[in-house]
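Please examine the sequence and the structure before reading the solutions.

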Amino acid sequence: MVLRKKLKGCLAWLLLSMEDGTVEILIRQSEVVAERVFLVSCSEDYKNYKQYPDCTPQRCGRAVTDSVVNREESAKLKRLAERGLSLGGSDGGASILDLHSGALSMGKQFVNIYRYFGEQIKQVFSEEDFELYRTVRQKIQEAIAQTFSLDPSRLYLTKPTFFSRINSTLAKTTHDEYWHPHIDKVTYGSFDYTSLLYLSDYGTDFGGGRFIFMDTMVNRTVEPRAGRVSFFTSGSENLHRVEKVSWGTRFAITVSFTCNPDYAISDPALP
């Protein structure tokens, strides 16, 4: 018990030190990049899971691209997110809309929008909305496969994949505390590749809210830009967090992929 407390204390100190460390900006909001890739050594995490040829990360890192999703597509997806999230929303600063499961933040809990609103949901979303969502998901999947030299057919969409809306309202529940450092492979288990599609602009639509890779002795930061896709291998080589949003509203989509077909989910469809 004493050893466990000491380890927790050391981990807390380490994470705090990393949060206060040197900041290096990988990509600024004002830059427009076709693709920029940053390779890092793969962690040992993947050895604790079943291996999938042509998919399990052998080449690890992170990448940022402004050429996969255009600004018009991101604007349409932002409007989709705004319509959906206007049906509810968290009491705290972070609200979630998951079109796959139907989960929507509502106060301090979640509701299923498809059951809660029934046929009325077709007045909020259209088939064209869902077709755009599927098209963008596929383009992101192909970009990840190309960058990490994968067979795209062996890469599967997984959960949670969701829209997020974050503002500076104080957190009311643990679901609102989006800023904690974490490792996706540890947090979710199924994740092998994680991507973020930003739907709003850092410095114009919101302040704070930058994405931070927490590397040894340095924090490497991505500044969100509408239409920008940031993706990375999900192991502990990519410990990360999101800065607290200080003003305005930050919209994004987290799109997650697995190599394990048992964890695959289908694209969403209107009921």
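**Disulfide exercises**

At 2% relative accessibility, Cys60 counts as buried, in a model that is predicted.

**Exercise 1.** Determine which cysteine is joined to Cys60, and state where the two partners lie.

*Solution.* 
Step 1. The partner of Cys60 is Cys42, with an S to S distance of 2.0 Å. This is within the 2.5 Å limit for a disulfide.
Step 2. Cys42 belongs to the loop between strand E2 (36-40) and strand E3 (60-65), whereas Cys60 is in strand E3, so the bond ties together parts 18 residues apart in sequence.
Step 3. The angle about the S-S bond is 105 degrees, and the link of Cys42 and Cys60 is right-handed.

**Exercise 2.** Classify Cys42 as buried, partly exposed or exposed.

*Solution.* 
Step 1. The relative accessibility of Cys42 is 28%.
Step 2. Buried requires under 20% and exposed over 50%; Cys42 therefore counts as partly exposed.

**Exercise 3.** Describe the disulfide formed by Cys55 and Cys259.

*Solution.* 
Step 1. The sulfur atoms of Cys55 and Cys259 are 2.1 Å apart.
Step 2. This pair links distant parts of the chain, 204 residues apart: Cys55 is in the loop between E2 and E3, and Cys259 is in the segment after strand E16 (250-258).
Step 3. With -85 degrees about the S-S bond, the link is left-handed.
Step 4. Cys55 and Cys259 are both buried.

Note on methods:
Residues numbered from 1 in each chain as written. Predicted model: local features only at pLDDT ≥ 70, side-chain atom pairs only at ≥ 80, totals over all residues. Heavy atoms only, no water. Helix = DSSP H or I, 4+ residues; strand = E, 2+ residues; numbered from the N terminus. Buried < 20%, exposed > 50% of the residue type's maximum accessible area, 1.4 Å probe, protein only.
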